[in-house]
Amino acid sequence: MITQPTSIELIESVIKFIEERAAPQLKDRDAFHARVAVNALAAIKREIAGGQAAEDAQTARMVALLGHDGDWATLNTELCGKIRDGEISPTDPALLAHLKASTIDQVRIDQPQYAGLKTLAG
Amino acid sequence: MDDLQQALTPLAPQLDAGATTVVNLRRLSGGASQETWAFETDTGAPMILRRKPPSATGSGNAVPLATEAALIRAAAAKGAIVPRVLAESAPDSEIGEAYVMARLEGETLGKRITRDPPFETIRPGLAAQCGKALAAIHAVPTEGLPPLVTSSALTELEKYEAVYRGSGAERPIFEAAIRFLRDRAPSLETPVLVHGDFRNGNIMVHPEQGLVGVLDWELAHLGDPAEDMGWICTRSWRFGGTKPVGGFGDYADLLDAYHAAGGREISLERVLYWEMLGSLKWGCMCLTMYMAYASGADASVERAMIGRRASETEIDLVALLEQAA
């Protein structure tokens, strides 16, 4: 993979451009969308940095929970089906531990400032 | 706009004693189904006009404006803190389907109400004011109201489950919440008038008087009184505040004031049920808004990014599931 620049550096340069040069020229709805665009880029940056590790950990937990190997998508579909059909209770401690770890990882990527993250992750 | 100003003029005497015309008409906001205008009478009385644009096709769940106006009047008659509705206008009139209400002074932005210093003194009493307002709204006799849909916990759950299934998403946290809520759905004993969108953001709050008006009635229906309580406690509407009711108050403040004002006994458990359903509902709404991006109907970055806010509701759902387990 090319690292001059890295994808993180590219995203950072675009964030900087929007915040320092473009956004000050915009108003109303466009200014709001520029802020959302910066948030989106920041989430992508965090996903590049930590997304794969979070998915790998999720897969490993689902393997333990469901008792067999598989890729993330197949295991996730199976888990959804088992909860829907009542085979795994929504208050099952092992399920909740998996859901908790997964959502903490996801919100750390999507909205790390969200107050609910502090509530659950401490 | 000149036409609209002219069409409003004959209403002036009805809006404020001695008024003969209206002035300073300006558009505040408007979507496809709803316009909001501000103006004053020539005597200086501040007004709001809510109008359905002539071209509007009507939107999904929203009640007609005439119904909205009738419900606000009925809630006012029970002593609820709501805007004063002063005039209605029929769909075939020059103004079109609309109503005029006295414009209130205050703040609706949830973040300011929850966090800004000007609201510090009224904040401790705000949840009780909300409880009192809900008691009055829920006490409105349902006979004689315009037609409204009736929905129970189960019908609300099924509505949002259908949205989730239709999105094609596979999210185990939504599955767990749906299953949990389905197994514990409370039955609807005596349906009451439910505001349907009672949350921080839809209440007008004055820095000295606190709650001065319950706004945004378009999702009103008949249902479970705990629905309105659960929605204002839903974590998505706490705006960074640490307290459960709108980010500014405690459950007991809301429930005690509700009972003191004649509201029926409602358990905290039932409020928490609707709070969880509220998080699921907002999560599904985030998915719906994202789908407008995915389908090409709205290509804005805002519609795309709101899909990522569904994960906020997931973290709230897990916290509630853990608490209930």
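Arg308(B) and Asp110(A) join their side chains in a salt bridge, with 2.6 Å from N to O, where a salt bridge is a side-chain nitrogen of Lys or Arg within 4 Å of a carboxyl oxygen of Asp or Glu. This is a predicted model, in which local features need pLDDT of at least 70 and side-chain atom pairs count only at pLDDT 80 or more, while totals for chains, interfaces and linings use all residues. Residues are numbered from 1 along each chain as its sequence is written, chains are lettered from A in the order in which they are written, and side-chain values use heavy atoms, with hydrogens and water left out.

**Exercise 1.** Describe the contact of chain A and chain B by its residues and its buried area.

*Solution.* Within the share of chain A, 19% comes from Arg84(A), Pro90(A) and Tyr114(A), more than from any other three residues.

**Exercise 2.** Find how many salt bridges cross the interface, and which elements of chain A take part in it.

*Solution.* First, the rule finds four salt bridges across the interface of chain A and chain B. Then, on the side of chain A that touches chain B, the elements that give two or more residues are helix H2 (28-66), helix H3 (72-84), helix H4 (93-110) and helix H5 (115-121), helices being DSSP runs (H or I, at least four residues) numbered from the N terminus.

**Exercise 3.** Explain why Cys80(A) forms no disulfide.

*Solution.* Start from the total, which is zero disulfides over all chains, a disulfide being a pair of cysteine sulfur atoms within 2.5 Å. For Cys80(A), the closest cysteine sulfur is in Cys284(B), and because 13 Å separates the two sulfurs, they are too far apart for a bond. Cys284(B) is likewise in no disulfide, since the nearest cysteine sulfur, that of Cys286(B), is 9.2 Å away. As for accessibility, Cys80(A) is buried at a relative accessible area of 1%, and Cys284(B) is buried, also at 1%, where buried means under 20% (1.4 Å probe, protein chains only).

How values were computed. Buried < 20%, exposed > 50% of the residue type's maximum accessible area, 1.4 Å probe, protein only. Contact = heavy atoms within 4.5 Å. Buried area = accessible area lost by both parts, 1.4 Å probe.
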